[in-house]
Amino acid sequence: MSKPLLQFTNKGIYCDPAGVYLDPWRPVDKALITHGHADHSRWGHKKYITHHDNVPIITHRLGDINVSGIAHGENLIINNVKFSFHPAGHIPGSCQIRVEHKGEVWVFTGDYKTESDGISTPYQPIKCDTFITECTFGLPAFKWQPQSQVMDDVNNWCAQNHADGKTSILFAYSLGKAQRLIKHLDTSQMKIYCHGAVYKMTEVLRQLIDFPPTYLITRDTTKEEIAGNIVIAPPSAHGSAWMRKMVPYVTASASGWMTFRGARRRRAMDKGFVLSDHCDWDGLLESIDATGCENVITTHGYQEIFARYLREEKSLNAISERTQYEGETNDESSQEDTSNNGIHSAQASSSGSSSNLAP
Amino acid sequence: MKQFANLIRTIDGTNKTTLKVEALADYFKTAPDQDKLWTIAILSHRRPKRPVNTTLMREWATDISGIPMWLFEESYHIVGDLAETIALILPTINESSDKSLTTIIQELIELRKKDEIEKKAYLQENWLKLNYYERFCFNKIMTGGFRIGVSQKLMTRALSQATGIDKDILAHKLMGSWTGENTSFQELIYEDNEVAMRGKPYPFYLAYAIENEVEDLGNVTTWSAEHKWDGIRSQTIIRSDELFVWSRGEELVTDKYPEFQAFLGKIPNGTVIDGEILPYKNGEILNFNDLQKRIGRKTIGKKLLEDVPVIIMAYDLLEWQGKDIRNKPFQERRALLEQLLMDLNQRKGGINSAQTSTSSSSSLPIMLSETMTFDSWNDMAVERSLSRKRKSEGLMLKRKDSPYLVGRKKGDWWKWKVDPLTIDAVLTYAMRGHGRRSNLFTDYTFGLWQDGELVTFAKAYSGLTDAEFKKIDAWIKKNTLERFGPVRSVTPHHVFEIAFEGIAPSKRHKSGVATRFPRIVRWRLDKPMEEANTLDDLKALIPKDGS
C-alpha cells in the first residue's frame, strides 16, 4: 500500500512527495501555514508559505522570518503536488489547505467555522476525498447562537454596565476573537480601550479590515478616562494587577467553552458569552457533508468521540490523529501573545521543543 | 417558570454572594406566594418525588436529538450534569413557557400516576416549549439535588431581607418535614401553627474548627470540653406523646431507630435533646462502619437491631417543659440535662450504663456525653490525644455561658479534632468531576503497595488547588492507560499524601480497610512512586482493641 498523501509525524502533518509540512509544531525547512495563531504558526521554520493576509500577522508575531504570500485559490506546485489555500472563516487570514496529487484530493482545515463573522473571509467547503478536520467542539452539546444575537447580548450587557457606572472588561484572544468583538461592539456611547497585545494586533489588521477606533491603555491612561467604557484584554490578563485601573468593573469571557455552567463558574467571571471561532456540532457535520469526502481524519478536540460518530452514524472512514494543536483552549493562558510587543524572542522559542510556545 | 429560570440564571451568572442574595430577595418580594414556597422547597432539597427515572429521561432526550445513546453518555461525562446535558443536546428553540413554576411542579406530581407513554409525551412536548434555562430548571427539578451555589443560610438571609423576619426565626420555621404540597407560603413563614411546629427541630448549632492556637481562646476554665463522638448528630424531640428524631441533614429518621420509642412515657413531653446517635453494645462504642449498616436500610431487621444497637449520647438540652431554652447559658442547659438523665436513672430500670446492655428492656438507650473542665490547655491537649482510643474524633469546646446559636457560627463553640492520620499513596484511576469541576479529572482513586502491586484503598476529590487540578488533569489526559466509561486508569506515577479521620477493618473493601473522610493533603512531587506506603503500613494504623 502506498503512503498516504499527508502523514502525521512527530514534526507535524507531512506531505512526502512535496517534502513540505502543514502547520508543523517543530522547526522544518518549508512550512505551509493555515493561520496566525501560535499553535499553528510556530517559530523556527526556514520558509513560511501562507495566504497574503497572514503575512503581516505572522511577521508581527514572529518578527524577521522568511515568508511569502499566496492568494486564495492560487495553485502552488511543488514536485507535482498541487497546493492551494481556501478561506476557513476562523479568523482574518485563516485558510484551509487543499492538496492534490495524482488525482487524489486532501483538505486540511486548520481551524474553521461556518458562520460568517464579518471580519474573516467566509468559509468555503472544498470537495475532497480525505478531509482532515479539527473538532474542538465536536460534541452535540455545542450549538452556537447566531453572532447577531450574541453581540446583542454583549452590547446590552455593556450598556447596562455603563448605566451602572461600571467598566466592562471583555476577555478574548488577542488575535481573532478580540477583533470580532471590536468590529461589532456598539460604540455610540462607549469607547473601546485595549490591552497592548490586543491593541497592536488590531492595528496590524486595520490594513485589511475597518474597525471602530480603539485606544491603547498605557501608563498615562487615567482611571477617569476608562471608567464606564469597554476594555478588551487577553484571558491571561484576568486577575492581574493591570485590572486595578478599571475599578469598578465587571468581567466577561467570550468563548465556546462558556456553554458549560461548570466552565463559567470555574472561570470566576461575572458573565460568559458563548462565542466561538470554531464550528459547533452542526457546523462540523454540515461541513463534512459538503466536502463529499469518503475519509475523515479528526484532530484536536473530542477527536475520538467524533470519529466514532462519523464511522457509526455517517458510514465514513473516520480515524482520529493526535496533533499538538490546541483549538480554543479551555485554559486561560494558552495561545496568547501577551508580551508588550507581541514578538517571541528567539531564545524563548527556538529550542525546537514541542511545548506550546506562548509565553 | 420564566421568573424562576431568570432567578437561577442570575444566581448562576455570578459568584458574588451579595448579588445572589439580592436576586433571591427580589424574587421573594415579587413572585407569587405559591412559587416562592416551591422555590424554598427546591432550594432546601424538598423537591417532589421524581415522576420519571433518569434512564428514561436520557432515552427520551436522545430520541428527539437524534443522537446515539453512547454519544449522550460521552457528552454527559464531559458536561458533568445530567439536567444540563439534556438541556444542551435538545434542539435549540427560542420559545419560552408561560406556565408558572407551581403549574409545572403540579404537573410533574400528577405525572407520577400516569403511564410511560403519557410521561414520554409530556416530557418531550415540554422540552420543546422551554428555552435553555427553563429546560435546565425543569430537568433539575426532576433529577434532584438543586445545587447551584445557594446554601440554606444564603436563602434564609434573602428571605429575611424580603419579609423583614429575623433570619434565626426563619431558619427554625424552615426546618422539619414540610413540603410544597402540605403547606402554603403564608402558613410556613407567617403563621405560628402549633400542629406544624410540633415535630419541627431547632436549627442545629454547628462549630468551626479551631484555626490558630488553642491558647488563643483565653482562660481555659471558661470552657467546657467534651468528646466529639463519631456518629450521627441528631435532635430528639418528645412532644405531645410523640417522638421525632432528626438527623443534622434535616432528615426525619425516627423509624430507623425504633429503640428510641422507649423514651415515650419516660422523658416528659416538651423535651428536645441534642445528641449523637452512636452504635453501642456491651458497654462499648462500636465503629462508625457498624452504624453505616443501619443508615442505608429502609427496614431494620431484628438481627441488625441486635448486632448494632444504638444509643443517644446526649450533648445539650434545647427545650424543657415545652419552653425553648436555647438562650440560657450552656451550663444551665447542661445542669437541666444532667438532672433529667439522673431522674431517668433513678426511676425503675434506669438509663444505660457501661455495665448493662442496651438490649435489656429495663434501660433507656441514652447516655450523657461527659463534660470536662481543665486547669490548663496542656491537660486538655492530653485528653485530646486520647480521642482515638476513646473512639471520638477529638474535642468540642463550648464556652460555659454560650447560648445555643443557629447554624455554623464562630466564637462560642469550636471543634478541636485530632490531627488526621496520613499516608502516601499512588494515583491509579481518575474520573471527571461534577459542577464547577465538570470536564476536569478531579476525582481520584489511590492505591498502596502490596507484593509489588497497587491495591486500591481510597477515593478522594478534595484538597488540591484549582491550579493543581488543572495540571493533574492535563497529565491524566496524556497518561491514560484504559477507559472505563467516565473512569480512566492512568500510568502509576504520582504520589499524594492522603489524610483521613478514622480507620477500621472492613470486609467490604478490597484492601480490607475502611478510612473515614479521606482527602488529599498534598501532591508529593518529591516522592517517587516506589516510596509510597504499603497496605501493611496502613493496617498498622488501625487502633488495637483494649490498648
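User: How many helices and strands does chain B have?

Analyst: In this predicted model, chain B has 19 helices and 21 strands. Chain A, for its part, comes to 9 helices and 19 strands.

User: What makes the radius of gyration of chain B agree with that of a compact globule?

Analyst: For 547 residues the globule rule gives a radius of gyration near 24 Å, and chain B has 26 Å, which agrees with the rule. The C-alpha trace of chain B spans about 70 × 65 × 50 Å along its principal axes, and 38% of the 547 residues count as buried.

User: How do you know whether chain A agrees with the globule rule or departs from it?

Analyst: The value is set against the expectation for 359 residues, which is a radius of gyration near 21 Å; chain A has 20 Å, and therefore agrees with a compact globule. Along its principal axes the C-alpha trace of chain A spans about 70 × 45 × 35 Å, and buried residues make up 53% of the chain.

User: What share of the contacts within each chain joins residues at least 24 apart in sequence?

Analyst: Counting contacts between residues at least 6 apart in sequence, the share that joins residues at least 24 apart is 60% in chain A, and in chain B it is 70%.

User: Which domains does the assignment give for the two chains?

Analyst: According to the domain assignment, chain A holds domain 1, made of residues 6-142 and 278-349, and domain 2, made of residues 147-273. The C-alpha centres of these two domains of chain A lie 27 Å apart, and their contact takes 26 residues from domain 1 and 28 residues from domain 2. On the side of domain 1 of chain A that touches domain 2, the residues are 8 nonpolar, 11 polar and 7 charged. For chain B the assignment gives domain 1 (2-143), domain 2 (205-417) and domain 3 (421-539), and the C-alpha centres of domain 1 and domain 2 of chain B lie 40 Å apart.

User: What makes up the contact between chain A and chain B?

Analyst: Chain A contributes 20 residues and chain B contributes 25 residues. On the side of chain A, the elements that give two or more residues are α6 (261-266) and α8 (303-314), and α6(A) gives the most, with 5 residues. Sorted by class, the residues on this side of chain A are 8 nonpolar, 3 polar and 9 charged.

User: Why is Y325(A) called buried?

Analyst: A residue is buried if 20 or more other C-beta atoms lie within 10 Å of its own, and Y325(A) has 21 within that distance, so the residue is buried. Y325(A) lies in the loop between β19 (317-320) and α9 (346-349) of chain A. Not counting residues up to four places away in sequence, Y325(A) touches D39(A), H40(A), E134(A), T299(A) and H300(A). D53(A), by contrast, is 272 residues away along the chain from Y325(A), and the C-alpha atoms of the two are separated by 21 Å.

User: How do you know that the buried residues of α1(A) are on the same side of the helix?

Analyst: In α1 of chain A, which runs over residues 54-62, the buried residues are N54(A), V55(A), I57(A), I58(A), R61(A) and L62(A). They cover an arc of only 165° around the axis, and therefore they lie on the same side of α1(A). What covers these buried residues includes β4 (30-33), β5 (47-51), β6 (67-70) and α4 (196-205) of chain A. Just after the helix, G63(A) takes a positive phi of about 80°.

User: Which residues touch the most other members of the largest nonpolar core?

Analyst: That core has 197 residues, and those touching the most other members are L6(A), L170(A), L181(A), I232(A) and A314(B). Strand β7 (residues 310-320) of chain B gives the most to this core, with 8 residues. Leaving aside neighbours within four places in sequence, A314(B) is in contact with residues including I273(B), L337(B), L341(B) and I366(B). A second, separate core of 31 residues includes L427(B), W449(B), V455(B) and V490(B).

Terms used. Residues are numbered from 1 along each chain as its sequence is written. Chains are lettered from A and ligands numbered from 1 in the order in which they are written. This is a predicted model: local features need pLDDT of at least 70, side-chain atom pairs count only at pLDDT 80 or more; totals for chains, interfaces and linings use all residues. Two residues are in contact if their C-beta atoms, placed from the backbone, lie within 7 Å. Helices (H or I, at least four residues) and strands (E, at least two) are DSSP runs, numbered from the N terminus. Ala, Val, Leu, Ile, Met, Phe, Trp, Tyr, Cys and Pro count as nonpolar, Asp, Glu, Lys and Arg as charged, and the others, Gly among them, as polar. A nonpolar core is a set of buried Ala, Val, Leu, Ile, Met, Phe, Trp, Tyr and Cys residues joined through C-beta atoms within 7 Å. A residue is buried if 20 or more other C-beta atoms lie within 10 Å of its own, exposed if 12 or fewer, and partly exposed in between; C-beta atoms are placed from the backbone. The arc is that of the directions from the helix axis to the C-beta atoms. The radius of gyration is taken over C-alpha atoms; the globule rule is 2.2 Å times the number of residues to the power 0.38. Domain bounds come from an automatic or database domain assignment.
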